[in-house]
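Me: I'd like to learn how to read a fold from its contacts and strands. Could you walk me through one?

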Amino acid sequence: MTPGDLHAAIEAGEPWLVVDVREPYEYQRLHVPGSLLIPRGLLEGAAEPGSRHRIRALSEARNRPVALLCATGARSALAAVVLEEMGFSDVVNVAGGIRLWDAEELPTETGPYTGPLP
């Protein structure tokens, strides 16, 4: 999915969960407003409902559209495969990642992540 397509879907009210799989220092520099930070190395535990490391917003999103984002789209492409293997029904990779999102001048924020981490 392109950044523009995802932004348009979110603006239209579609219930996308945007998950940023970069590291906290990357997220702090620039991120999509409202995105959930779950570094790629912690994704499986965060997604598994029975894990003590689960993040409820993700672990309960198996039937919700989930968009994965990283810097350029490489880490998030791998993360999409993992979530599909874990039974998530509607997972997409945001092609071009935050770099393309920013280049297309879509809304961004800076600052540390304040939500739960696994």
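**Reading the fold**

Reply: Leaving aside neighbours within four places in sequence, Leu83 is in contact (heavy atoms within 4.5 Å) with Leu43, Ala47, Leu58, Val66, Leu68, Phe88 and Val91. Keep in mind that this is a predicted model, where local features need pLDDT of at least 70, side-chain atom pairs count only at pLDDT 80 or more, and totals for chains, interfaces and linings use all residues. Residues are numbered from 1 along each chain as its sequence is written, and side-chain values use heavy atoms, with hydrogens and water left out.

Me: Which residues touch the most other members of the largest nonpolar core?

Reply: The general idea is that in soluble globular proteins, nonpolar side chains tend to be buried together. A nonpolar core here is a set of buried Ala, Val, Leu, Ile, Met, Phe, Trp, Tyr and Cys residues joined through side-chain atoms within 4.5 Å. Buried means under 20% relative accessible area, exposed over 50%, and partly exposed in between (1.4 Å probe, protein chains only). In this model the largest core has 22 residues, and Val19, Leu58, Val66, Leu68 and Leu83 touch the most other members. Two or more residues each come from strand S1 (17-20), strand S2 (36-37), helix H3 (43-47), strand S3 (66-69) and helix H5 (74-85). Those elements are DSSP runs numbered from the N terminus: helices are H or I with at least four residues, strands are E with at least two. Apart from this core lies another, of 13 residues, among them Leu6, Val18, Val32 and Trp101.

Me: Which residues of S3 are on each side?

Reply: In a regular strand the side chains alternate between the two faces of the sheet. For S3, Val66 and Leu68 are on one side, Ala67 and Leu69 on the other, and all of them are buried.

Me: Which residues of helix H1 are buried, and why do they count as being on the same side?

Reply: In H1 (residues 3-11), the buried ones are Pro3, Leu6, His7 and Ala9. They cover an arc of only 160° around the axis, so they sit on the same side of H1; the arc is that of the directions from the helix axis to the C-beta atoms. The buried residues of H1 pack against S1, S3 and H6.

Me: Where is Leu100, and what does it touch?

Reply: Leu100 is in helix H6 (residues 97-103). It counts as partly exposed because its relative accessibility is 33%. Beyond neighbours within four places in sequence, Leu100 is in contact with Pro3 and Ala95.
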